[in-house]
Amino acid sequence: MTELPHFQRLALIGLGLIGSSIARACKSASLVGEVVGYARSAETRVAAERLGFVDRTTETAAEAVAGADCIILCSPVGTYKALGAEIAPALEAGAVLSDVGSVKGCVLRDLQPVIPEGVHLVPGHPLAGTEHSGPEAGFAELFSGRYVILTPPEGADLDAVDRLGGFWQAMGAMVEIMAADRHDKVLAITSHLPHLIAFTIVGTAVDLAEDIKGDVIRFAASGFRDFTRIAASDPVMWRDVFLNNKDATLEIIQRFNEDLTALQRAIRRGQGDVLEHRFAETRAIRRGVIEAKQDDMPAPPAETDEQP
Ligand code: NAP
């Protein structure tokens, strides 16, 4: 069993849903010596101090990482390049530099060239989240029973990978190691395409004529409701996901279009057997998801805006 604290000083860059959930999990189980936080706006930094999930905040990202032995970027992936350039001179040798971004190839592309010798880059992605954003939205149990995928580059320091993995396990997560490009292909189908479909369906509803739109909202429970929840996710985060996982998402959209066209043809031709066969196959996938205990997300406790 790893001794506490896992790290003496954890620096979190970005204090929204994911950053504040990590901070809350650390506080509730004393996983680190000190949590230092930085977010772009003063408003978020003030909220983080008021909510008490950080020990202190700083006015720049570089100040936050100074003296930290673990740094986790918890901002949209499109911010990493500029943040990497800013924090690089302040990173201490031996520190573990990680992130929580939903795309992984771009992390190596944007951070590897700038980080100094002796700093261990171990990108990560917790497969946990909600459609809510901001420092109030986080909760300590978010990662409990969820996978966290670490994508260390070739030749990464194994001790750093172990330490970071142990830290996530202490937050209740199950840790998997994967190559970044494989991660991006898998997530393109399991997360990125479903979000794109939700954005599209809800967007189509937005464009409907006013008279029918009212009834779409009223009768949303018939399936549309779940799409509206997914489509309420943070626009900036999702913009950055698609811009940074271009190849894998374009490939999966192409396949999806082909499969959709096949179903469209079956409907037009009245081929009930084709439809029924396909739907029976997809039903089996659902059973597999339930058996893997990945069918729901931990809900925030009733009073998430209290002290963690
Ligand atoms: P969020 O709630 O919107 O929080 C984002 C945080 O990043 C905010 O504190 C924001 O500061 C800060 N930020 C934005 N631009 C910044 C910059 N240039 N410099 C410093 N801080 C900056 O987002 P989130 O859901 O926590 O997502 C954060 C990361 O987690 C993303 O990379 C996302 O891909 C990944 N992720 C998200 C989910 C999910 O379900 N949401 C799941 C897994 C992974 P302000 O508040 O001041 O704007």
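# Chat about a predicted model

Student: Where's Ala 179?
Tutor: Ala 179 sits in the loop between β9 and α7 (180-206). Helices here are DSSP runs of H or I with at least four residues, strands are E runs of at least two, and both are numbered from the N terminus.

Student: Anything to know about the model and the numbering?
Tutor: It's a predicted model, where local features need pLDDT of at least 70, side-chain atom pairs count only at pLDDT 80 or more, and totals for chains, interfaces and linings use all residues. Residues are numbered from 1 along each chain as its sequence is written, and side-chain values use heavy atoms, with hydrogens and water left out.

Student: How many bridges join β3 to β2?
Tutor: Two, between β3 and strand β2 (residues 32-38), and they run parallel. Gly 37 has Thr 57 in β3 as its bridge partner.

Student: What about β4 and β5, how many bridges there?
Tutor: Four bridges, in the parallel sense, with β4 covering residues 70-73. Ile 72 is bridged to Ser 98 in β5. The chain gets from β4 to β5 through helix α4 (residues 80-87), in a right-handed β-α-β crossover. Right-handed here means that, with the strands pointing away from the viewer, the path from the first strand over the helix to the second runs clockwise.

Student: And on the β6 side, what stands opposite Val 96?
Tutor: That's His 120 in β6. β5 and β6 (residues 120-121) run parallel and are joined by two bridges.

Student: Which way do the β5 residues point?
Tutor: In β5 (residues 96-99), Val 96 and Ser 98 point one way, Leu 97 and Asp 99 the other, and all are buried.

Student: Which side chains make polar contacts with the side chain of Asp 99?
Tutor: Tyr 80 at 2.9 Å, and Lys 104 at 2.9 Å. A polar contact is a pair of N or O atoms within 3.5 Å; within protein, one must be able to donate a hydrogen and the other to accept it, and residues adjacent in sequence count only if both atoms are side-chain atoms. Asp 99 counts as buried because its relative accessibility is 0%.

Student: Switching to the ligand. Which residues come nearest?
Tutor: Of the 28 residues around the ligand, the nearest are Arg 40, Ser 41, Thr 44, Ser 75 and Ser 102. A residue is near a molecule if one of its heavy atoms lies within 4 Å of it.

Student: How far are the polar side-chain atoms of Arg 40 and Ser 102 from ligand oxygen atoms?
Tutor: Arg 40 has one 2.6 Å from an oxygen atom of the ligand, and Ser 102 has one at 2.7 Å. Gly 134 uses a backbone N or O atom, 2.8 Å from a ligand oxygen.

Student: How much of the ligand's accessible area does the protein cover?
Tutor: It covers 87% of the 900 Å² that the ligand has on its own. Those areas come from the Shrake-Rupley method with a 1.4 Å probe; for residues, only the protein chains shown count as cover.

Student: Which elements give two or more residues to the shell?
Tutor: α1 (17-29), α4 and β7 (124-126). By class, the shell has 14 nonpolar, 13 polar and one charged residues. Ala, Val, Leu, Ile, Met, Phe, Trp, Tyr, Cys and Pro count as nonpolar, Asp, Glu, Lys and Arg as charged, and the others, Gly among them, as polar.

Student: Last one: which strand is joined to β8?
Tutor: β9 (residues 174-177) is joined to β8 (residues 147-150) by four bridges, and they run parallel. Val 148 stands opposite Val 175 in β9. The chain crosses from β8 to β9 through helix α6 (residues 158-170), and this β-α-β crossover is right-handed.

Key. Buried < 20%, exposed > 50% of the residue type's maximum accessible area, 1.4 Å probe, protein only. Pairing = 2+ DSSP bridges.
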